[in-house]
Amino acid sequence: MELRQLATFIRVAQFKSFSRAAESLGYSQSAVTVQIRQLEEELDTRLFDRMGKRVILTAQGQCFLEYANTILDTIHNARFALNEGAEL
């Protein structure tokens, strides 16, 4: 599992669209699709239900979204703490 996959997952959940998430991240839609597919394979669960161009989180996806946000928030806080210490 890679941090960029978590960030991509969060963005897809936010926009409910692979193409809008890709545009906001500066990725191709196929790159977003691959990242989500790899994440789903690693977790052995479907994170999104695909309905045409719209996607919605599955129950497992909603649960994982909370963990993904916590992970990225923790990393952000760690980086901030380290940068704050460097300024002293």
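**A ring cluster and a helix crossing**

Phe9, Phe18, Phe48 and Phe64 are joined into a cluster by ring pairs. The model is a predicted one, so to speak of local features a pLDDT of at least 70 is needed, side-chain atom pairs count only at pLDDT 80 or more, and totals for chains, interfaces and linings use all residues. Residues are numbered from 1 along each chain as its sequence is written, and side-chain values use heavy atoms, with hydrogens and water left out.

Rings of Phe, Tyr and Trp (for Trp, the six-membered ring) pair when their centres lie within 6.5 Å; planes under 30 degrees apart are stacked, over 60 edge-to-face, and the rest tilted. That rule gives three aromatic pairs. In one of them, phenylalanine 18 and phenylalanine 48 have ring centres 6.0 Å apart and planes at 75°, so this pair is edge-to-face. It ties together distant parts of the chain, 30 residues apart: phenylalanine 18 sits in helix 2 and phenylalanine 48 in strand 1 (residues 48–51). Helices (H or I, at least four residues) and strands (E, at least two) are DSSP runs numbered from the N terminus. Phenylalanine 18 is buried at 8% relative accessible area, and phenylalanine 48 is buried too, at 1%; buried means under 20%, exposed over 50%, and partly exposed in between (1.4 Å probe, protein chains only).Phe18 also belongs to the contact of helix 2 with helix 3, alongside Ser19 and Ala22 of helix 2 and Gln29, Val32, Thr33 and Ile36 of helix 3; contact means heavy atoms within 4.5 Å.
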